[in-house]
Amino acid sequence: MNIALKTERFGRVGRVQHPVPFDCIALVLQGGGALGAYQAGVYEALAEASLHPNWVAGISIGAINAALIAGNPPEVRVEKLRAFWQTVTADPWSDWVGTPGPFGGDLVRHWANHWHAADAVFRGAEGFFTPRMVPAYLAPAGTLDAISFYDTSALKTTLERLVDFDRINAGEMRFSVGAVNVATGNLVYFDNRTHRIRPEHIMASGALPPAFAPVEIEGEHYWDGGVVSNTPLQWVVDGAERQDTLAFQVDLWSARGAIPRTMPEVMTRQKEIQYSSRTRARSDQFRKEQQLRSALTELISKLPDHLRDTPEYALLAPESDRKVYNIIQLIYQAHRTEGESKDFEFSTRSMEDHWAAGLSDTIRTLRHPEVLERPTSADGVFTFDIAADGRLS
């Protein structure tokens, strides 16, 4: 993979020379299928800077990347991420399509991307999913063939090969993945503080219907967490144990976009809106919550002693704190040649482009020193979102 050449014009980022002033460094990974190589590039840049998360949370493809990170020692995490992404995008028979040449260009690349996506629909992705032999409309009701188009048993084998689940369960790094209980419709989190994590928990988080069947865990059935919410950001910032937190929120879908002009653009935009985390809106809401907590903390500090022994004080005191949060937003900006199939376009070339984009976006972000500094605002919240042109947005 020629990632280094793709990012050399951005330079590299040096190692952080001093401890960052946060108790928790969280890596928050959204779902987005084949776009998930962007998250691998983000992690590579963080590792180069010696910014090692102590909490990684993911949904869907973000859960898979999270498992590859948490389930390996720091010195081999990038290697394991690369092994996964090279496996699922390996296709010697089709990767020549769209290769740069005398007749290249955006139009050629656009149609090549569609060709690769169609190839994934009909053949699946190596080490990830394969089409079921019996069409859903012919399969007996209640069978996996009747409720999904693809078999993901290959993913279980891949996870067992690349992830050390004993390491995840040892708890050195906190690990959380979100899934939806099919029967109740509730979003639940499998967390290594409360669960013993197995491959099934990762597969449940990525079981997006109707492509993939729900995964059974302890008698309950689970679908992809993105059916309800495509980001675990709220799980991280609203945790019962509040900490000074530096959170890298890595989104694969942008909530902002142009008005569509064609039906394929309509389909693309609809998917972007549906699966985007609306991170900016959630960040604004969280900032307001922190303003209220800060005001409550100030008010409680002024209470006379006789009011501290009351039920109202007992209820409100736990909600007061002066914890601080840096929420660093890294959002993949799709290339104009990508369309509605970009999340299941598993070609090596697109994977390398996505990885390189995550690497370079993170390098550019870490060049801003305020990203790693403790916020000084009254609410204790700092958000950063680097736009494609390198300016704050």
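This is a dialogue on reading features of a predicted model.

Visitor: What should I know about the model before reading it?

Guide: The model is predicted, and local features need pLDDT of at least 70, side-chain atom pairs count only at pLDDT 80 or more, and totals for chains, interfaces and linings use all residues. Residues are numbered from 1 along each chain as its sequence is written, and side-chain values use heavy atoms, with hydrogens and water left out.

Visitor: How many helices and strands does the protein chain have?

Guide: Helices (H or I, at least four residues) and strands (E, at least two) are DSSP runs, numbered from the N terminus. The protein chain has 14 helices and 11 strands.

Visitor: What share of the residues is buried?

Guide: Buried means under 20% relative accessible area, exposed means over 50%, and partly exposed lies in between (1.4 Å probe, protein chains only). Here 51% of the 393 residues count as buried. Accessible areas come from the Shrake-Rupley method with a 1.4 Å probe; for residues, only the protein chains shown count as cover. The chain exposes about 18,500 Å², of which carbon and sulfur atoms supply 57%.

Visitor: Which residue forms a salt bridge with K156?

Guide: That residue is E160, and the closest N and O atoms are 2.7 Å apart. K156 and E160 are four residues apart in helix α7 (residues 153-162), so about one helical turn separates them. K156 is partly exposed at 29% relative accessibility, and E160 is partly exposed at 45%.

Visitor: Is D305 buried or exposed?

Guide: D305 is exposed, because its relative accessible area is 64%. The side chain of D305 meets that of R308 in a salt bridge of 3.9 Å, N to O. R308 is partly exposed at 28% relative accessibility. Elsewhere, R269, E272 and K342 are linked in a network of salt bridges.

Visitor: At what angle do α4 and α7 pack?

Guide: Axes are lines fitted to C-alpha atoms, for helices over the stretch in contact, and angles run from 0 to 180 degrees between N-to-C directions. The angle between α4 and α7 is about 155 degrees, and their axes are 11 Å apart. That makes the two helices roughly antiparallel, since angles over 145 degrees count as such, under 35 as roughly parallel, 65 to 115 as roughly perpendicular and the rest as oblique. K80, A83, F84 and T87 in α4 meet L155, T158, R161 and L162 in α7.

Visitor: Where is F128?

Guide: F128 is in the loop between α5 (106-123) and β3 (130-131), and is buried at 7% relative accessibility. Leaving aside neighbours within four places in sequence, F128 is in contact with residues including V88, L155 and F346. The C-alpha atoms of F128 and T87 are 8.5 Å apart, although 41 residues separate them along the chain.

Definitions and conventions. A salt bridge is a side-chain nitrogen of Lys or Arg within 4 Å of a carboxyl oxygen of Asp or Glu. Contact means heavy atoms within 4.5 Å.
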